[in-house]
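Subject: Structure for you to look at

Hello,

Here is the structure I promised to pass on. Please open it next to this email and follow along.

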Amino acid sequence: MTEQANTQDLLSIEDLSIVYEVDGETTYAVNGLNITLKRGETLGLIGETGAGKTTTALGIMGLVPNPPGRVVSGKVVFDGEDLLQMPKEKMRGVRGNRISMIFQDPMTSLNPVMTVGEQIAEVILIHEGVSKKASFQKAGEMLEMVGIPAVRAGDFPHQFSGGMKQRVVIAIALACNPDLLIADEPTTALDVTIQAQVLDLMKDLKSRYNTAMILITHDLGVVAQVCDKVAIMYAGEVVESGDIRDVYENTKHPYTRGLFGSIPDLDHSVGRLNPIKGMMPDPTDPPSGCKFHPRCPDATATCAASEPAPVLTETGHVARCLMLQSMVEPTDVNRVQG
Amino acid sequence: MSDTILEVRDLKKYFPTPKGTLHAVDGVNFAINKGKTLGIVGESGCGKSTTGRVILRLLEATDGDILFEGQNIRHFNKDQMRRLREDMQIIFQDPFASLNPRMTASEIIGEPLLIHNKVKNKQELTERVAELMELVGLSPRLVNTYPHELDGGRRQRIGIARALALKPKFIICDEPVSALDVSIQAQILNLMQDLQEQLGLTYIFITHDLSVVKHFSDEIAVMYLGQLIEKAPARDLFSNPTHPYTRALLSAIPSIHLDHKMEREVLQGEITSPINPAPGCRFAPRCKYAAPECTSREIHLNEINDGHFVACAMAGKG
Amino acid sequence: MSQEMTLDPAQGQLDKSPAKGAPKKRSQWLEVWHRLKRDKMAMLGLLIITLVVLAAIFADVIADYETVVIAQNLSDRLQGPSAQYWLGTDEFGRDIFARIIHGTRVSLMVGVLSVAIAIVMGGGLGAVAGYYGGKIDNVIMRVMDIFLAVPSILLAIAIVSALGANLMNLMLAIAISSVPTYARVVRASVLTIRDQEFIEAARAIGASDLRIIFRHIIPNCLSPVIVQGALGVAGAILSTAGLSFIGLGIQPPEPEWGAMLAGGRQYLRHAWHVTTFPGLTIMITILALNLLGDGLRDALDPRLKH
């Protein structure tokens, strides 16, 4: 870690690997993941079911269920400190305070027997050491901030609709002004018009408080609307990452191209979609070489044999594909990103 | 006219609840031509799934007519319905919940054939199931697998094979791809498109995903709180959305194009209750163009352009 | 479900390989058995139950009924455990070991048959109540509630007193008193399964009510019934012993664990073995059934797989 990296990067994940071990079978959920994020930046983490998005988030939060989960290697450097080496006690002070997380399902992430005011106040009470009265005061303010009248602080979760509940969840997550917000599919359970409201709210709050955000989603459109940077995950690896414009408009990895081919485009009609063939590999028995090669339209025999290294194709734009390796000089990803 | 395979007239489905009558489907009219796809879009609770189930008589309509090939099927008896099931089928949203976990792929696909005595012996059953599996792109090796051993895409293929077993003419697809990952979703959409061409199927495609519905449908109907508020040929609806709700809905879709910033029509508030709804336009409480006229009378679909219908009192008035 | 098994991840979706490689249909019960095998306590329970069942089957080989089990031998009364009488003798000089072995027949028969009767009756009522709902449901379940309001052992006592104390009535009494339990279990699972999409799917392909109930609903609510049944056999054996203990069950001289317990109770101070061994037998058998029942619960519930 250089001095410079400390001041620049809020979060830097280096070579993170997480496995789950069940009945003697090892599931390789995250394999050598590298991600960096600066203050105030928003990173979209895109991937399909089983790509390892949520495990990555749990890894950052130190919440990988153990057993069966285990962090095999890597560093999660947050503001100069490796969270993985941090004592449990200290980590608890970070979680919910400096890093907070929004889960996918607003229905189950609220406690049904506590009022929403109590639930927001609880976080403030735990982390800020203020009086009970002050915490409730702040809870009311947080509700107003997410567009819910403060008088509703005394209501229970079931008295709110899905979109409103997700706002409450956001209020809880932002209650302590976190430096980093991890949002795991925050709008997937919501209707499009409500999703638009919630995304607008998150964009607004993020810019107001300069909060860095990792937005985990499978929706390329949501990322396009909200994020500055993007990382595409496949089988536990980041296959392509970089500035959103680079990745979206100058796509390098065949998987990313496949994702774009799979979704119907509202602006251009096509007769047929161009899906990626086959399906996600079995995470307990990942394919050799490039993990995408069995589904890749451009795969050659080399792809099955050797593992691609991350290749820097432009400033900050990284892709893992052997085709690129033969065209561009391989670069050490850590040096490039740090 | 003779091309019409299905027509619904003033279809209503009410549910009694402790708080009052829930108007899930409230006076829906439309017709579909053979071999075409009608997309029904709307947000959760708008009554789109209920409409599908009422048409298939999995739920009994409260009022209205359902004309299938000219016959009103609403009062068909059990025997007539059984025969009709061969022509009308459904594909469900959740490829896990819609397959019996204790039956194998081949048992599930073969069940309709057994129920309708379409096969004479075991040999024929095995052959028909194998044909169906090939038709939907399932490997023959999977005949004896149980649903929980398969991924979502393959489970959905089993659901499609079951729906096709009786060689139906008409299939209601209730969010058939929304539980699937994008890459798998595209595979299933392509399969359904191929099957439509190959077998001359007519689809009602129910979804909340506007980009999917645009890609897939010939005509699109937008539902809001139990009513159709706009119906138009797919391209027309997207190029010229007229109802304020349709406009808000379309502008809410997050585009994958970075420079594509459609002017957002952010909707205020959330969907109102479908229990004992107020008369007039259901969308009026959230509509920024609402006038007294909107709630003083029932607003019906009105043709504003060739094949483009809108239920808005303000349509055409600027 | 989180654990999806991908059968051939590397292959495209349009593989049209010949069916020769198709795996045989694997029984789901085999999977349950594999999961159960990993549960050591459940396997211990199963081992004990197997021994009890073997004892019941081979009781006549182990000890002759007429000459050993019921024949009195007053000269050898109340003898402690010895090489000749492994577990000692009772107040009539009969071999306690032989009587316990023969007692397994009654206990097992009453246990299994009464549970079977209760499952058929309760399960049927519960399935009808759950599937049709509405008024039918209301009537059936309110009657069940009335049954549940009376302590089951009192209900059984009342039935046996009214009908007379014999084996058949004993089974009936125990079965009837546990009918509401099964009705509730089955109704609850039918209610959740009834609303699943695959039931709607079955209706959409034109399946009749009967087919839906037998092909789609019942196979999916067997698991809770099996668990309840295993625990129910334990309860029934205990009830048999209880009723026999107070003289309403199996009549002397026929050997029955509860009756043996009752017979030896007045000699407890001088001859501890007369009550202790039948008591231990009851305890161990019940414990074994409960261990197996708990193991089955975990093995049958796929959500607890990991």
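Over how many bridges do strand β1 and β2 of chain B pair, and in which sense? Strand β1 (residues 4-17) of chain B and β2(B) pair over eleven bridges, in the antiparallel sense. Strands count as paired if DSSP finds at least two bridges between them.

Some ground rules before the rest. This is a predicted model, where local features need pLDDT of at least 70, side-chain atom pairs count only at pLDDT 80 or more, and totals for chains, interfaces and linings use all residues. Residues are numbered from 1 along each chain as its sequence is written, while chains are lettered from A and ligands numbered from 1 in the order in which they are written. Helices (H or I, at least four residues) and strands (E, at least two) are DSSP runs, numbered from the N terminus.

**The sheet in chain B**

β1 and β2 belong to an open sheet of four strands, in the order β2-β1-β4-β5. The pairing is antiparallel. β2 (20-33) and β5 (71-72) of chain B stand at the edges with a single partner strand each, so one side of each has no neighbour in the sheet.

**Domains**

Domain bounds come from an automatic or database domain assignment. In chain B, domain 1 is 4-87 + 168-310 and domain 2 is 98-167. Their C-alpha centres lie 29 Å apart. Twelve residues of domain 1 of chain B are in contact (C-beta atoms, placed from the backbone, within 7 Å) with eleven residues of domain 2 of chain B. On the domain 1 side, the largest share is five residues, from helix α6 (residues 182-199) of chain B. That side divides into nine nonpolar, one polar and two charged residues. Here Ala, Val, Leu, Ile, Met, Phe, Trp, Tyr, Cys and Pro count as nonpolar, Asp, Glu, Lys and Arg as charged, and the others, Gly among them, as polar.

Chain A is divided into domain 1 (3-98 + 178-273) and domain 2 (108-175). The centres of these two domains, taken over C-alpha atoms, are 25 Å apart. 13 residues of domain 1 of chain A are in contact with eleven of domain 2 of chain A. Helix α7(A) gives the largest share of the domain 1 side, six residues.

**Helix α7 of chain A**

How far should this helix span? At 1.5 Å a residue, the 18 residues of α7 (residues 192-209) of chain A should span 26 Å. The rule is 1.5 Å times one less than the number of residues. The end C-alpha atoms are 25 Å apart, which agrees. Buried residues of α7(A) include A:Val192, A:Ile194 and A:Met202. A residue is buried if 20 or more other C-beta atoms lie within 10 Å of its own, exposed if 12 or fewer, and partly exposed in between, with C-beta atoms placed from the backbone. Their cover includes α6 (162-174) and α8 (220-226) of chain A, together with α9 of chain B. Just after α7(A), A:Asn210 takes a positive phi of about 55°.

**Where chains A and B meet**

The contact takes 33 residues from chain B and 34 from chain A. On the chain B side, α6(B) gives the most, with nine residues. This side divides into 15 nonpolar, twelve polar and six charged residues.

Best wishes

Notes
Two residues are in contact if their C-beta atoms, placed from the backbone, lie within 7 Å.
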